[in-house]
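Hello,

Here is the structure for your files. Please look it over, then read the notes below.

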Amino acid sequence: MEASNSIIHVILTGGVGSRLWPLSRKSQPKQYLEIFEGKSLFEMTVERNSHLADKVMVVGNVDNHHLSGKVMDKTKTSYLNIVEATPRNTGAAIAFAAFASKPEDVLIVTPSDHIIDQNDSYNKAINEAILKAQEGFIVTFGIIPTKPETGYGYIESKGDEVISFREKPNERTAKEFIARGNFLWNSGMFCFKAGVLLEELEQFQPEVYEKSKVAWDSNKDGFLDLDLSMQIPSISIDYAVMERSKKIKVVPASFSWSDLGSFESVYEYLVLKGHPIDANGNMTIGCNTYTTFLGLRNTIFVHTDTANLILQKENSQDVKDVYNELERQNSDLLN
């Protein structure tokens with residue numbers, strides 16, 4: 001690759017982490033919580049990719065970019081800051097990063113709130129994706145599944161060819177996917193040349209392309225204008241490009257991965273790292289006071305200064321309902 005072209009790590013850091021309330025709040029989304037051996041998921045994302053890329057971009061929003069800045073200072077990482085005025089989904093967020101790059105630059109796009117172990121497997125997958133991206137493909141990463149998971153989308157594949165993208169399935173369908181053996185979890189990570197992605201976006205979603213370009217061309221030090229941003233259709237990169245382009249390849253990846261999208265997945269990760277549970281599988285998070293559970297199994301007690309949550313591990317997906325109810329009440333407990 002010519003020295004003038006870069007490999008750029010693009011970190012996407014939107015979202016409020018509603019499924020991890022009350023740990024995660026609007027003022028402190030889950031990717032900034034330092035509950036993983038003293039580090040946040042955002043910090044771990046920066047470190048994991050630091051030796052794989054020449055440059056770093058962070059696509060955040062007006063509410064959280066100062067939190068990203070603290071992590072970048074802590075890790076002494078220089079970066080280009082792209083600050084969205086309003087969330088317009090991953091289509092626009094990724095378009096901004098591509099517009100900020102040279103057409104031949106290779107972008108590695110990752111969320112900021114995923115947990116990944118087995119760095120050798122991760123590095124191998126990234127390097128394989130970079131090679132495919134340099135050949136002009138748009139690469140997505142499919143995680144080899146360990147169980148029939150209903151919380152993730154799936155990629156039906158044959159080798160590195162994508163047959164189809166599938167929505168989050170119900171339990172029966174998830175079991176069918178696993179039994180068939182050629183379905184991967186959709187990780188939401190991508191790798192491509194900036195110019196290739198923009199060409200495909202312009203072909204399949206010309207309005208997203210045009211309106212994102214207008215907004216980007218008017219940015220002030222990476223900050224985007226609200227009125228111009230509001231005109232961009234809100235659409236995910238999956239719908240905009242991945243499910244329609246003929247240039248898609250998948251890298252099946254064997255590193256252990258989770259989007260930590262529920263307390264059940266946080267629980268499983270913390271257990272792996274030696275976080276204490278009692279004989280009946282009960283766990284406390286964020287609580288230093290002596291706490292004991294009687295007659296309960298697989299219960300998680302989540303403590304914060306202003307709110308506590310007590311839940312069965314298996315009911316983790318229902319936390320979003322509590323969040324939505326508090327949102328209807330316009331509660332300060334979300335801030």
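**Second largest pocket**

The second largest pocket has 32 lining residues, and Lys147, Tyr152, Ser258, Ser265 and Glu268 lie nearest its centre. Strand S5 (115-116), strand S11 (257-258) and helix H10 (263-272) each give two or more residues to that lining. H10 gives the most, with five residues. The lining divides into 11 nonpolar, 12 polar and nine charged residues. The pocket volume is about 570 Å³.

This is a predicted model: local features need pLDDT of at least 70, side-chain atom pairs count only at pLDDT 80 or more, and totals for chains, interfaces and linings use all residues. Residues are numbered from 1 along each chain as its sequence is written, and side-chain values use heavy atoms, with hydrogens and water left out.

Terms, briefly. A pocket is an open set of points on a 1 Å grid over the protein atoms alone, where a 1.4 Å probe fits, with protein on both sides within 12 Å along at least five of seven lines; lining residues have an atom within 4 Å of a point. Helices (H or I, at least four residues) and strands (E, at least two) are DSSP runs, numbered from the N terminus.

**Helix pair**

The axes of H1 (residues 41-49) and H2 (residues 65-74) come within 10 Å and cross at roughly 45 degrees. Phe42, Glu43 and Val46 in H1 meet Ser68, Val71, Met72 and Lys74 in H2 (heavy atoms within 4.5 Å). This contact comprises four nonpolar, one polar and two charged residues.

Best wishes

Key:
Grid points are joined across faces, edges and corners, and a volume is the space filled by probe spheres set on the points. Ala, Val, Leu, Ile, Met, Phe, Trp, Tyr, Cys and Pro count as nonpolar, Asp, Glu, Lys and Arg as charged, and the others, Gly among them, as polar. Axes are lines fitted to C-alpha atoms, for helices over the stretch in contact, and angles run from 0 to 180 degrees between N-to-C directions.
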